[in-house]
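Hi,

Here is the structure I said I would pass on. Have a look at it first, and then read on for what turned up.

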Amino acid sequence: MVSRNNRDKNKQERISVPQRRALAQYSSKAARSGLRMCDLVSDFDGFSERFKVLGNQYKSIYPTLEIHIEGELQTLKGYMERIKPMVRDGVFFLYEALHGPPKKILVEGTSAALLDIDFGTYPFVTPSNCTVGGVYTGLSLPPQNVGEVYGVVKAYTTRVGIGVFLTEQDNKIGNLLQTRGGEFGVTTGRKRRCGWLDLILLKYAHMITGFTVLALTKLDTLDMFTEIKVGVAYKLYGEIILYFPANQELLNKAKVQYKTLPGWNVDISNAREFKELPVNAQNYVRFIEDELQISVKWIGIGKSRESMIQLF
């Protein structure tokens, strides 16, 4: 509803398009002025009055903004009539699922742990909690009902938009990772920044989320490299630090210590068992496991559903 056209280009580059769209929603939620699905389907007259107030507030904040309030309400009424039969109370729905006939419930996070509003690389984050904590606050799922937590990580590191990225390779290596990995933003088509795997980030993500196993994706993107570097520690003012700096200025001063591993320089996309991978590819996976003390359960080696190796 609120146009973002009056924001300058530099601000637009700081966060991704989906994140920008979410900002207005989360800011109105925090201000307690937002409209919810339960408002739309329960009392459309009351919803309409609040919608008009909110629309006029935005028009006063953005004088050039045009909102056709009555037209928007007519559109929303049509949507309401179509979706109302499909809307249920989320808390009760989950309660029934948890306490009825046994079911498996899979919850998928939409953004990386380092984009979490509380624990990510603030201020270059999303407006939401996208770590495992979002399961409790966003779904009303009790902590005791969470079983396995699967961490999903690429065999290298990427980032969209600005923000500190210590293992970034702004060179031919980064370009090769970007091209081979098809690293483009889904919404904008903007190139993702690419670099070597950062195990310090992964250890920090594990501290926050407590994932029990890992899914290592896009291992085949590294097929062309004769040697592969992995970030294993940060140095700050000449000393190795055991924590991930929360302050961006401090983080930007850190230097990465790398471990160089031999590559395999061969196509692995046809492998279907771990033993079919080249020895150096196997060693790369085992090195990650040893450093993190977390087992890798799945390895992605291509785009198709079949291009997945399950280790156990």
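One cut-off before anything else: a residue is called exposed when its relative accessible area is over 50%, and buried when that area is under 20%, with partly exposed in between. Y237 has a relative accessible area of 63%, so it is exposed. You'll find Y237 in the loop between β6 and β7 (239-241). Its backbone is worth a look too: Y237 has a positive phi of about 55°, although it isn't a glycine.

Please keep in mind that this is a predicted model. The mean pLDDT of the protein is 90, and 92% of its residues reach 70 or more. The stretch to watch is residues 1-13, where the pLDDT is below 50; in the model that stretch still has 22 contacts beyond near neighbours in sequence. Where pLDDT is low, the predicted coordinates should not be read in detail.

A couple of other backbone spots. S140 also isn't a glycine, yet has a positive phi, of about 60°. S140 sits in the loop between α7 and β1 (150-154). With 31% relative accessibility, S140 falls between the two cut-offs and therefore counts as partly exposed. Then there is a cis peptide bond, running from Y122 to P123, with omega near 10°. P123 belongs to the loop between α6 (90-99) and α7 (133-139).

Now the inside. The largest nonpolar core has 54 residues, and those with the most contacts inside it are L219, L222, Y234, L277, Y284 and I299. Two or more residues each come from α9 (199-209), β5 (213-217), β6 (227-236), β8 (255-262), α11 (279-292) and β9 (295-300). Apart from this core lies another one, of 14 residues, with Y62, L73, L76 and M80 among them. As a general point, nonpolar side chains tend to be buried together in soluble globular proteins.

Leaving out neighbours within four places in sequence, its contacts include L216, L219, F274, L277 and V285. I309 is also one of the contacts of I299, and I299 stands opposite I309 in β10.

That brings us to the sheet. Which order do its strands take? It is an open sheet of four strands, β1-β5-β9-β10, with mixed pairing. β1 and β10 (308-310) are at the edges with a single partner strand each, so one side of each has no neighbour in the sheet. From one strand to the next, the twist averages 25°. β9 and β10 run antiparallel and are joined by three bridges.

Last, a pair of residues that touch each other. F184 is in the loop between α8 (172-181) and β3 (193-195), while Q178 is in helix α8 itself. Buried or exposed, what is Q178? At 6% relative accessibility, Q178 is under the 20% cut-off and so counts as buried. F184, with a relative accessible area of 38%, is partly exposed. Setting aside residues up to four places away in sequence, F184 touches Q178, G189, R190, K191 and R192.

Cheers

Methods: Residues numbered from 1 in each chain as written. Predicted model: local features only at pLDDT ≥ 70, side-chain atom pairs only at ≥ 80, totals over all residues. Heavy atoms only, no water. Buried < 20%, exposed > 50% of the residue type's maximum accessible area, 1.4 Å probe, protein only. Contact = heavy atoms within 4.5 Å. Core = buried A, V, L, I, M, F, W, Y, C linked by side-chain atoms within 4.5 Å. pLDDT = per-residue confidence, 0-100. Pairing = 2+ DSSP bridges. Axes fitted to C-alpha atoms, helices over the stretch in contact; angles between N-to-C directions.
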